[in-house]
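Subject: Structure handover

Hello,

Here is the structure you asked to look at. Notes on what was found follow below it.

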Amino acid sequence: MSNNKFKILVVEDEANICSFVETLLVTNGYQVLTARTQAMGQSLFLSHTPDLVILDLGLPDGDGLEFIRAVRARSAAPVIVLSARTTEQDKVAALDLGANDYITKPFGTAELTARVRAALRSHHQATGAQPDGKFVAGGLTIDYASRKVLIDNQEIKLTQTEYNIVALLAEHSGRVMTYTSIVQAIWGETDPGSTKKLQVNIANIRKKFGSRPGDNPYILNELGVGYRMIEEDLARK
Ligand code: CA
């Protein structure tokens, strides 16, 4: 699919980063609008209705959170937060307000384009399911109809809960999901203690997947924030 129908608004006050991101996106076929302040960003958002927003959290006239609120009040367009901040709380606050994902500076070109692609894909597709009802990423295959999970064509026996977690992360592949949003979707709870239950399930899933400590090829850790399933293999589309 050509990218050129997608319009992306980049709100970033650092000139170097702004032009780096702009060049990268234009090279990848996107239309790009840039703003250096939150106020300018909000005005461009209203006048140009972009398909996606890349938003720096440290702007001269605000921390970007107000901008996320304003965007969410009128649009479901994906927002990817760009942040030099390292504390998990800032990322979680942005995600809780409705941001779809985040990238921590410094970041690479592959990381940025992958995040943009994943955010646009999940926004324009109801689920991550392929037309043939399968999710494939590297050696991992999920067959949604039969609820089977395979690694390198070997079936992995998961509990119902483990399967539900894997399928949920796959539906959001390439995007971070916070502990809270996973716990809510799986158990319908908001109890912070449930995060422990989730971590135990993830550890069991990884063991069954044959992952070794420090090497999780399918479900990535977003420390203090949540988990991210690797991107679906796009070549199959
Ligand atoms: Ca900044």
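How are H7 and H8 oriented to each other, roughly parallel or roughly perpendicular? Before the answer, please keep in mind that this is a predicted model.

Helix packing

Helix H7 covers residues 179-187 and helix H8 covers residues 194-208. Their axes lie 10 Å apart, and the packing angle is about 85°. H7 and H8 are therefore roughly perpendicular to each other, since an angle of 65 to 115 degrees counts as such. On the H7 side the contact is made by Tyr179, Ile182, Val183 and Trp187. H8 brings Ser194, Thr195, Lys197, Leu198, Gln199 and Asn201 to this contact. Sorted by class, the contact of H7 with H8 has five nonpolar, four polar and one charged residues.

Helix H2 (residues 38-48) packs against helix H3 (residues 65-74) at an angle of about 15°, with the axes 10 Å apart. Angles under 35 degrees count as roughly parallel, so H2 is roughly parallel to H3. The crossing in which H2 passes H3 is right-handed. From H2, the residues in the contact are Gln38, Gly41, Gln42, Phe45 and Leu46. From H3, they are Leu65, Glu66, Phe67, Ala70, Val71 and Arg74. Six of the residues in the contact of H2 with H3 are nonpolar, three are polar and two are charged.

The remaining helix pair in these notes is H1 and H5. Their packing angle is about 65°, and their axes are 11 Å apart. H1 passes H5 in a right-handed crossing. Phe20, Val21, Leu24 and Leu25 in H1 meet Thr109, Leu112, Thr113 and Val116 in H5. The contact of H1 with H5 divides into six nonpolar and two polar residues, with no charged ones.

The relative accessible area of Asp13 is 28%, so Asp13 is partly exposed. Asp56 has a relative accessible area of 3% and is buried.

Two single residues

Arg121 lies in helix H5, which runs over residues 109-124. Is Arg121 buried or partly exposed? The relative accessibility of Arg121 is 14%, and buried means under 20%, so Arg121 counts as buried. Arg121 and His172 are 51 residues apart in sequence, and their C-alpha atoms are 9.4 Å apart in space.

Leu150 is placed in strand S8 (residues 148-151). With a relative accessible area of 22%, Leu150 is partly exposed. Setting aside neighbours within four places in sequence, Leu150 is in contact with Gly139, Leu140, Thr141, Glu155 and Ile156. Leu150 and Gly174 are 24 residues apart in sequence and 19 Å apart in space, C-alpha to C-alpha.

Regards

Key:
Residues numbered from 1 in each chain as written. Predicted model: local features only at pLDDT ≥ 70, side-chain atom pairs only at ≥ 80, totals over all residues. Heavy atoms only, no water. Helix = DSSP H or I, 4+ residues; strand = E, 2+ residues; numbered from the N terminus. Buried < 20%, exposed > 50% of the residue type's maximum accessible area, 1.4 Å probe, protein only. Axes fitted to C-alpha atoms, helices over the stretch in contact; angles between N-to-C directions. Parallel < 35°, antiparallel > 145°, perpendicular 65-115°, else oblique. Left-handed = near helix turned anticlockwise from the far one by under 90°. Contact = heavy atoms within 4.5 Å. Nonpolar A, V, L, I, M, F, W, Y, C, P; charged D, E, K, R; others polar.
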